Amino acid sequence: MSIDWITVIAQIANFLVLVWLLKRFLYRPILDGIDAREAEIARSMAEAGKAQQKAEAAAAQYRAQQAQLHADRDTLVDKALQASETQRDALLAAARAKLEQEQQDWHKHLQREREQFTAQLQRAAAETLLELTRKALRELADETLEAAIVRNVGTRLHAIADELSQAAGDSTEALASTRDALPEAAQAQLQADIKKLLPHTALRFETNPQQAPGLILRIGGAQVAWTVDSYTDEFDALLNDRLGAGASGRMRSSGG
Amino acid sequence: MQMTPDEVIVFSAWGLKFNSTIVNTWIVMALLVGVSMVVTRNLRADVPPDRWRTALEVIVKTIQGQIEEITQKSARHVMYFAGTLFLFIALSNLMLVIPGFMPPTSSLSTTVALALSVLVAVPLFGISSKGLGRYLKAYIEPSIVMLPFNIIGEFSRGISLAIRLYGNVMSGGVIAAILLGVAPFFFPVLMDMLGLLTGLIQAYIFAILATVYISSATADPQASVNKEDKS
């Protein structure tokens with residue numbers, strides 16, 4: 001066991017060189033690499049944290065936008081529902097109004113047709129009644145209708161002679177109005193009756209195509225008349241009753 | 001039978017004789033530095049480390065952890081010194097298993113050189129840490145009577161370091177050589193395996209003791225007193 005001092009010095013030098021070399025090629029690169037990697041990891045973690053915060057913020061913003069969209073959608077749906085309800089109500093109201101209007105128009109049209117039909121029927125009935133009466137009188141009594149009318153008016157004039165004189169007053173003219181001109185015999189008969197009751201009163205005849213068949217006699221403020229109107233009015237009332245009963249019966253049967 | 005590699009002259013140049021201790025030391029140094037250079041070239045922070053780099057990181061971080069555990073502070077300079085001691089001694093001892101390779105640590109010259117390095121490094125670290133005055137003052141504490149004892153203690157630490165390492169490594173090699181003559185196959189294998197273990201332990205002990213000496217030389221007594229008061 002001996003110590004070679006030259007070797008000792010050489011080994012000290014070798015060791016110092018080794019310390020420097022390992023410091024240069026081992027410790028510093030390794031420790032600096034670890035520090036750099038830790039710094040890189042810390043930076044990555046910080047970036048990940050920032051990215052996470054950004055992602056959370058984006059998610060929160062997305063959720064807020066989604067909630068806003070839902071709210072807007074609900075509002076729009078509510079508005080649309082309200083608008084549709086309003087439009088539906090308006091359409092229903094318009095339809096009801098139109099239906100009522102059409103019903104009213106239909107009723108008016110029906111009423112008008114009924115009135116026209118009634119008027120036509122009335123005219124036809126009056127004509128028919130007049131012809132039938134004229135025919136019946138000619139066949140049964142060998143008398144014209146106009147003569148019968150004049151006789152009827154004359155009889156009624158005699159019944160109210162006093163009232164007729166007072167009503168005539170100072171009037172000197174009486175007016176006999178018919179739709180068609182009276183036959184001469186009838187005119188003579190009527191003049192004779194007036195002459196007997198009111199000697200100072202002259203009788204004048206005139207025709208009025210608008211007038212109902214019959215005779216209207218006016219003396220001053222008095223008027224004596226016989227026309228088919230009274231009969232046709234009764235016929236019209238009966239007809240209206242029957243028509244009304246028939247319409248309600250149809251409505252009941254259709255309504256079930 | 002050669003007891004020390006100092007006596008084996010490998011080559012001579014410029015009038016100097018280069019013995020096996022120096023040459024084998026260069027081999028160990030070349031291995032350590034070469035592996036370090038190959039592994040640590042092109043290091044990038046954004047590239048995951050490969051297995052070699054990971055292995056070196058484990059070794060370096062373990063050494064750093066052990067040293068910081070003793071010094072209780074971050075001490076890279078201590079790590080450069082003590083870590084190199086450990087790596088050099090450990091690799092030298094491990095290379096005992098290579099047939100014909102005489103570890104440089106089996107030379108008393110090497111262990112004396114390493115012990116002298118520690119002996120010089122301890123006051124240097126102490127002076128750089130505390131200053132010359134405070135470092136020298138530690139030799140006369142707690143009384144000036146203790147000065148010769150402290151000086152003797154300081155040198156005996158170095159001598160014990162050198163002798164311990166040399167004795168362990170050299171004895172392992174000598175015993176293996178003796179047993180090779182007795183039982184050529186079985187005992188040398190066992191002794192080599194034991195030598196690997198004791199070689200690593202000796203490297204660890206040498207480096208740890210050096211760290212402890214440096215740590216005691218650099219420690220601030222006032223700071224430790226304050227620390228004890230707080231605890």
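Guide: Let's begin at Glu206(A), which has 30% relative accessibility and so counts as partly exposed (between the cut-offs for buried, under 20% relative accessible area, and exposed, over 50%, with a 1.4 Å probe and protein chains only). Its partner is Arg204(A): the two side chains meet in a salt bridge at 3.9 Å, N to O, where the term asks for a Lys or Arg side-chain nitrogen within 4 Å of an Asp or Glu carboxyl oxygen. Arg204(A) is likewise partly exposed, because its relative accessibility is 38%. Elsewhere, Asp32(A), Asp35(A) and Arg76(B) are joined into one network by salt bridges that share partners.

A note before going on: this is a predicted model, in which local features need pLDDT of at least 70, side-chain atom pairs count only at pLDDT 80 or more, and totals for chains, interfaces and linings use all residues. Side-chain values use heavy atoms, without hydrogens and water; residues are numbered from 1 along each chain as its sequence is written, while chains are lettered from A and ligands numbered from 1 in the order in which they are written.

Over all chains, the whole structure holds 15 salt bridges. The pair of Arg76(B) and Asp35(A) crosses between chains, from helix 3 of chain B to helix 1 of chain A (helices, H or I of at least four residues, and strands, E of at least two, are DSSP runs numbered from the N terminus). Here the N to O distance is 3.2 Å. Arg76(B) has a relative accessible area of 25% and is therefore partly exposed, and so is Asp35(A), with 38%.

Another salt bridge stays within chain A: Glu40(A) and Arg43(A) meet at 2.6 Å, N to O. These two are separated by about one helical turn, because they are 3 residues apart in helix 1 of chain A. Glu40(A) is partly exposed at 23% relative accessibility, and Arg43(A) is partly exposed with a relative accessible area of 39%.

Now step back to the interface. Between chain A and chain B the count is 3 salt bridges. Contact (heavy atoms within 4.5 Å) links 32 residues of chain A with 41 residues of chain B. About 3,400 Å² is buried between the two chains, and carbon and sulfur atoms give 74% of that; buried area is the accessible area, with a 1.4 Å probe, that two parts lose on being put together, summed over both. Gln11(A), Phe15(A) and Tyr27(A) supply 20% of what chain A buries against chain B, more than any other three residues.

Beyond four places in sequence, Val118(B) is in contact with Phe81(B), Leu85(B), Leu161(B), Phe206(B), Ala210(B) and Tyr213(B).

Thr211(B) counts as buried because its relative accessibility is 1%. Leaving aside neighbours within four places in sequence, Thr211(B) is in contact with Ile67(B), Ile70(B), Thr71(B), Val78(B) and Ala82(B).

Finally, chain B as a whole: 8 helices and 2 strands make up its secondary structure, and along the sequence they run β-β-α-α-α-α-α-α-α-α. Of the 231 residues in chain B, 43% are buried. Among the contacts in chain B with a separation of 6 or more, residues 24 or more positions apart account for 65%.
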